[in-house]
Amino acid sequence: MGLAHRENRTGNPYDWPIVWQYALALGLVAFALGGRWLLGGVLGERIPLSITLGALLVLVLLVRPGPFLAAVLLGWFGAIFMFVPPKMAFGLAGTGEAVMVSIYTFLLGLAVLTAWLSSRETDAREQERESVREHKRLLEERSEQLELLVDRAPMGIYLVDADLRILRVNPLAQPVFDRAGGDVVGRDLGEVLHLLWREEAARDVLRLFRNTLETGESFETRELEVPRADRIGTSHYDWRIDRITFPGDHPGVVCYFRDVSDQAHQKQEIRRSEARYRTLFESIDQGFGVVEMMFDDEGRAVDYRFIEINPAFEQQTGLVDAVGRTARELMPDLESKWYEIYGEVARTGEPARFVEHSPAMERWFDVEAFRVGDPEDNRVALLFEDITERRRTERALREEERRMRLVTDAAPALISFVDAELCFRFVNRGYMEWYGRERDEFLGQHVRVILGEEAFARVRPNAEAALAGETVDFEAEVPHRDGGTRFVHAHYVPEVGEDGRVSGFYSLVHDVTASRMAREELREADRRKDEFLATLAHELRNPMAAIRSALQVMEIMEDDAGRSRQMREIMERQSTQLVRLIDDLLDVSRISAGKIELRMHRLDAREILQDLVADSGPLCRTEGLEMTLDLPDDPVWVDADPARLSQVVNNLLRNACKFTEPGGQVRVALAPAGDEAVIRVSDTGVGLSSDQLSRIFDMFGQVEGPLTRKSGGLGIGLSLARAVVELHGGTIEASSPGLGKGSEFRVHLRAAVPPTEDSPGISPQEPPVDESPPRGQPVLSILAADDNADALEAATLMLRMKGHQVENANDGLEALERIRELRPDVALLDIGMPGLDGYEVARRIRKEPWGWEILLVAMTGWGAARDKAMARAAGFDAHLTKPVDRVRLESILAEGARDSARNRSAPAGTGAMPPDAGSDAGSDAGSDNGGSPA
């Protein structure tokens, strides 16, 4: 739509071109003459000139004076020639014709006068119309120019009328208004602004438009920020509004704007970038500065001025308030090399990276210098770090490395460091001598090159384990400089950096060829030891068989009363214990020699556990323990030797009962687990530490010290159990939450399919073997203390049969209290008692004023020379090893009876043990549980 519409021309011939007007005038007269000629038959000679006169009257109104006069002359001559007699000739036939011509001429004169007057009026009108047309043409030209100016303006422009309706939007402004729904021409400005911008911004801008429209005041601003209505950001404009008068003197407002959002955002980004740069500049640990170089007339760098520095600059250099000052001003003695290096960078633009020492500053610097700005600015940026401490450290490390090389070269071992690529980075002289190579021949070489393919294949898994962070010990066969091979023991220790990554490993290698040969000899000696143990065990069975035979004879005797029965029961239990220990020793020997044979049967593991729990239940109840059995409803089939499997579980049950205090629980459970059957024996007893768990299955391993166990054992039960389970193709493992939290043992056996009719059944197990010991007599008050109830009962009964007054105690604390209460003549004390051991009881007794009046006798299963010395130091008068020689005991008691009134004045801790009191009737190897004393 234009700013004003152009006036359309009418069809008035007066406005036609002059040629067209002459043609119209002549044509119309010719038409009138032709018409009068055609009407000649009707009109005759009447009114010959009437039609022509009518045509002229019409023309006077249509054409200009020139074409009208031409038409008058043509009509006058044509009418006279054609219609006034004599016709078709010029002349008059009579008076009537002359009168007629005169009248016609008079009329023509009037017509001409009328035409002249009309022409003047017409010209006036024409001039007025021409003026209007010219005005319209100028208006149209202005409108076109304005439209062209608006459309081609290098900025966004839109026009608003007095009603604040949008009249025009140029192409550069259109994209802004597209967000308001496309074409906005003719729409209310307020409505459109509210679609473009948020409420408050649209309202403020509309108020500015109204103010400009009413007052004529222009408004201009730079980077006008307006929040967009779609809330995806803000727009920025260079913006101006002016009042404008449209054609027809209508007021309006023109808005010029340029979208500078990108520039504004770029400026914001530059400001943020500058802030980040400033933050980085201020926070980096390295010193940074910009200097302006100064040259003399010959172009030599003689000084430099500090233009900019960061905080680390002062820390790294020690120079304070350096900006604006020169280097010579701050450091008059600064070396000339710094000026030369920086001057060369400023002249050539070539960056420099170097490490230099400044005696004037007493520091080492790692410096990177590069030119900044235009070459004529002579400015150089410096990025540097004070490495003085690092240089000192490097010197110290080099010295340390020198000392380490001296030490490692003198070490009687092969020492090296291998990196993550399995290349040697350090070797000591031992390595060089072993392979007969120089150090340079090792460094950088792959281990494969030095060891050879075969040896490398043997050590490679261990090297990879070390690079994975594991400490590795292994033995391998490696080549030697003599052309053969030797066995070495290698210890690989990974080097782990602060980032947790392994950079390589240290290798410590010893020649163990000789020790391997020695181990072979030890294995042979161990084999001979196993043969000895087997022989010893078999020899011990002979007296056990005799004891059992004697017990069977006593059983049929009729004259022994309750005492005989008590002794028989004691002897049965103890002989059974001895047989069990001997059986364990024999099994250890058999397993070590590889001679044990399993009698495998397909059996339901539930039945084995039911029988064992039924047998062990009474023992648990005697110890004050609760035993539970958890079995599945369906059979759990395994292929096993029933006797050996019973032996394993029985060992675990005894172990659980041994280390669980009264009131505790022992639980036995069986469950299938995939292709395995799992037997669990758990307790709520003393538990195991992580260190104990690592050695619980070792041969002769003991969980607790020998003086505090509730009951004894050789420490081979769990080792034997593991060996038997492994013979079955299974595994055994132990776990515990910690000391005092109980423990659990799990036996994993391969599950078997249910048996068929041809499957072997369970063979009956041999009943356990039972066996026991002998008896004694003087007249003394005696306190006997032992945590083994059977041993204590037997000793008490034997001593009472000899006529002594005997009281007993079951642990160390009770023994100490009874001795203080009774003041006996003799105290027979076991060493390995709970609460207080026998040594501590003796020491506390000897500290009492009356303590040296009591004869203290140690009766224990520990009989080595060290044990006897400890008893003597604790204050014991005598030391007897179990099983006690009855004759020797009676001798000591008799000696005590003779000296009962003697005042023992020896100082506490020295003891009064007779020289021969430490001799034993039993073996010094002894039992570890305090067996029967008689």
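Biologist: What makes the crossing of H24 and H25 right-handed or left-handed, and which of these is found here?

Modeller: In this predicted model, the crossing of H24 and H25 is right-handed. That term applies if the near helix is turned clockwise from the far one by less than a right angle.

Biologist: Why is H24 called roughly parallel to H25?

Modeller: Helix H24, residues 812-822, packs against helix H25, residues 838-846, at an angle of about 25°. Angles under 35 degrees count as roughly parallel, and therefore H24 is described as roughly parallel to H25. Their axes lie 9 Å apart.

Biologist: Which residues of H24 and H25 meet?

Modeller: From H24, Gly 812, Leu 816 and Ile 819 meet Val 841, Arg 844 and Ile 845 of H25. The residues of this contact divide into 4 nonpolar, 1 polar and 1 charged.

Biologist: What does the largest nonpolar core contain?

Modeller: That core has 38 residues, and those with the most contacts inside it are Leu 645, Leu 652, Leu 653, Phe 745 and Val 747. Among the elements that give two or more residues to it are helix H19 (605-622), helix H20 (642-658) and strand E22 (743-750). H20 gives the most, with 7 residues.

Biologist: How do you know that Leu 653 is in contact with residues beyond its neighbours in sequence?

Modeller: Contact requires heavy atoms within 4.5 Å. Leaving aside neighbours within four places in sequence, Leu 653 is in contact with Leu 612, Ser 616, Met 627, Val 666, Val 668 and Val 681. A second, separate core of 29 residues includes Tyr 158, Val 176, Trp 197 and Cys 255.

Methods. Residues are numbered from 1 along each chain as its sequence is written. This is a predicted model: local features need pLDDT of at least 70, side-chain atom pairs count only at pLDDT 80 or more; totals for chains, interfaces and linings use all residues. Side-chain values use heavy atoms; hydrogens and water are left out. Axes are lines fitted to C-alpha atoms, for helices over the stretch in contact, and angles run from 0 to 180 degrees between N-to-C directions. Helices (H or I, at least four residues) and strands (E, at least two) are DSSP runs, numbered from the N terminus. Angles under 35 degrees count as roughly parallel, over 145 as roughly antiparallel, 65 to 115 as roughly perpendicular and the rest as oblique. Ala, Val, Leu, Ile, Met, Phe, Trp, Tyr, Cys and Pro count as nonpolar, Asp, Glu, Lys and Arg as charged, and the others, Gly among them, as polar. A nonpolar core is a set of buried Ala, Val, Leu, Ile, Met, Phe, Trp, Tyr and Cys residues joined through side-chain atoms within 4.5 Å. Buried means under 20% relative accessible area, exposed over 50%, partly exposed in between (1.4 Å probe, protein chains only).
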